2 protein chains.
Amino acid sequence: MRRPTIADIARRAGVSSAAVSFALNGRPGVSEHTRQRILAAADALGWQPNTAARALSAKRAGAVGLAVARPARTLGVEPFFMQLISGIQAELSERANALLFHLVEDVEAEIGLYRRWWAERRVDGVLVVDPRAADPRPAALRSLGMPAVLAGGPDPEGILPGVWIDDARAMARIVAHLRELGHQRVAHVSGPSGLLHTERRSAAFQAATRRGATGTAPTAVTTDFSETEGARATRSLLAAADHPTAIVYDNDVMAVAGMSAARQAGVAVPADVSIVAWEDSTLCRVTHPTLTTLSRDASRFGATAAGRLLDLLDGEPPTDVEFDVPELIVRESTAPPPA
Amino acid sequence: MRRPTIADIARRAGVSSAAVSFALNGRPGVSEHTRQRILAAADALGWQPNTAARALSAKRAGAVGLAVARPARTLGVEPFFMQLISGIQAELSERANALLFHLVEDVEAEIGLYRRWWAERRVDGVLVVDPRAADPRPAALRSLGMPAVLAGGPDPEGILPGVWIDDARAMARIVAHLRELGHQRVAHVSGPSGLLHTERRSAAFQAATRRGATGTAPTAVTTDFSETEGARATRSLLAAADHPTAIVYDNDVMAVAGMSAARQAGVAVPADVSIVAWEDSTLCRVTHPTLTTLSRDASRFGATAAGRLLDLLDGEPPTDVEFDVPELIVRESTAPPPA
DNA sequence: ATGCTTCACTGAACCGGTTAATAAATCCCT
DNA sequence: AGGGATTTATTAACCGGTTCAGTGAAGCAT
């Protein structure tokens, strides 16, 4: 059976197709009485707008894109992304937009994808995640003239509006918790230095621990977020005689791997060393002991970012949104340091 | 700057827009010489088809949908889905299609989404995952006339073509491995009974263990795939005097939780009980001991399913595709049973 | 009654492709 | 050379919406 079109509605309601368009989009040009008649007809026919036709004439695809340049392997274990996507979709659906989701190899491929999406008019704008140092994406998007919102940090170049979580104060909160327990030597196992949020956390860690620092001991180790490097970093940190009594990991996978590595090295958790993970996930609750973690509301974060992007598409001015400090969930992996 | 259209190409090459359309789509109606001239012009202008215009006239959206009715929480920890999506996208990109990805609450919402996607002509077809017992989706899709491929099993009703992995033989392979090690009492912690692949595995487990079964001991426990129920099931299985010496879990999260629960109950892995997980992931390698798992090639699986759907859209007849048996990766969590 | 504005609605162009119908040019065969 | 088939190209309609210029008719003040 053929899908009903605007012409069918017009015929049924005895008006022109232009009047139908006005009525369906809630714009002036038809009387209230006629509008009701048209809406009733549309409803009776079960009409839904053909997105292609609408996109073609209104020059609005009704869809936004999300490209993620991370290996699928890494993505899978992080619940953060699915929560993020879930939040994004809640907001998009609410406002009748669809999400084009794409995994890409690297930032270059991501820019290529943006170029294609834009040329094909597949999307009206994109959500950019994982901002990096010297990120080529904002400039590329500006040169394309493509609306975008940066989810994960303020844009250092000030090109794209951003939505982000206050990593610095979150880190301060973690260090404060460890200080309260009595820890003096705290270490940080961070993610790759290219990512802005990682760098924000590292800087905040340095600032928060500076005062009580223990001379020349290496207190920060950079990794690629993988479990392998998380374990390796842990072993090297615990090898020193006056090793740290607490370690903060930039994600959950590394924290779990680190805990395993500590145990194998004969270091008890939390008796000898306390452990804090950066993301709350199932992983943090199935381990023994359960992990103290920093918990962010990824879903709300995604919804806000998507909302800002749609606002932007509706012509509202670009603005930044900074979230509250995430909550620290204290579980069994943190305790006072050994006497 | 305005995007180039086929009218621009036509002007540049000195032909009509119809000739350009023929040339760009590789169909007869233009000479080889003219075709080259047109392609050169298109290339020079950096032309890309406007998907909305193409969708409107060719009645083909150039996009397929993937709706997933699982809580975002569960999805996140399973690397399977990201690998699946990655494979799907590789195939779709190859053939110039986009992926609309959507998380939904339940199967009813999923059907509602299909209805909307179809009415709006957003997608040309969908990939249906997680087939269930008495699944309403195939019939709903048939009544819509919407092309679809069922990823995860043959359609019991025979409505949709399916792509799936041979769960039965995979389970047989696991049980064979445990038998070779000498295990007599093997248990199965399965997922929810509503899912077809879960039921296939359970049936295969029963068949494979029937001969050596130990009287009335409960050898199978049904769960919701969560770490909580995985741990609970493990505790109840190990409580019996002649508890099983090996447990097969239907996913990785439950296996990890089960291992933790066993340790807390004073049962050593693998000395007292062997553990096998159904999905290989980072999780299975960061634990101590590392987990013996069944490893499927989710990426290739996704690519195949997407390929079948595109073939279907191209008018090819619907056919089923069954994959080879997945590989069993033996690690540290399986060993001979205690003497 | 006249002129002017406002309101409700229509007709037609337009978005950027695809495609059926048609016409012109070329080829082939007797 | 003549007539039909084939190749190459064009014209124009069409997909299903949006939007703008234009047309009556009603409302209002003078």
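Author: The model is a predicted one. Around DNA strand D there are 27 residues, and the closest of them are A:Ile6, A:Ala18, A:Ser57, B:Ala18 and B:Ser57. Two or more residues of this surface come from each of helix H2 (17-24) and helix H4 (51-58) of chain A, and from each of helix H2 (17-24) and helix H4 (51-58) of chain B. By class, the surface near DNA strand D holds 13 nonpolar, 12 polar and two charged residues.

DNA strand C is likewise surrounded by 27 residues. Here the closest are A:Ser16, A:Ala18, A:Ser57, B:Ala18 and B:Ser57. The elements that give two or more residues to the surface near DNA strand C are H2 and H4 of chain A, along with H2 and H4 of chain B. This surface divides into 13 nonpolar, 12 polar and two charged residues.

The two protein chains also touch each other: 48 residues of chain A are in contact with 48 residues of chain B. On the chain A side, at least two residues each are supplied by H4, helix H5 (72-77), helix H6 (79-94), strand S2 (98-103), helix H7 (107-119), helix H12 (252-264) and helix H13 (282-286). The most comes from H6(A), with seven residues. The side of chain A that touches chain B is made up of 24 nonpolar, 14 polar and 10 charged residues.

Elsewhere in chain B, strand S8 (residues 246-249) is covered on both faces. B:Ala246 and B:Val248 are buried on one side, and B:Ile247 and B:Tyr249 are buried on the other. In a regular strand the side chains alternate between the two faces of the sheet. S8(B) pairs with strand S6 (residues 186-190) of chain B in the parallel sense, over four bridges, and B:Val189 stands opposite B:Tyr249. S8(B) also pairs in the parallel sense with strand S9 (residues 274-277) of chain B, over three bridges. In that pairing B:Val248 has B:Val276 as its bridge partner. Between S8(B) and S9(B) the chain passes through helix H12 (residues 252-264) of chain B, in a right-handed β-α-β crossover.

Note on methods. Residues are numbered from 1 along each chain as its sequence is written. Chains are lettered from A and ligands numbered from 1 in the order in which they are written. This is a predicted model: local features need pLDDT of at least 70, side-chain atom pairs count only at pLDDT 80 or more; totals for chains, interfaces and linings use all residues. A residue is buried if 20 or more other C-beta atoms lie within 10 Å of its own, exposed if 12 or fewer, and partly exposed in between; C-beta atoms are placed from the backbone. Two strands pair if DSSP finds at least two bridges between them. A crossover is right-handed if, with the strands pointing away from the viewer, the path from the first strand over the helix to the second runs clockwise. A residue is near a molecule or strand if its C-beta atom, placed from the backbone, lies within 6 Å of it. Ala, Val, Leu, Ile, Met, Phe, Trp, Tyr, Cys and Pro count as nonpolar, Asp, Glu, Lys and Arg as charged, and the others, Gly among them, as polar. Two residues are in contact if their C-beta atoms, placed from the backbone, lie within 7 Å.
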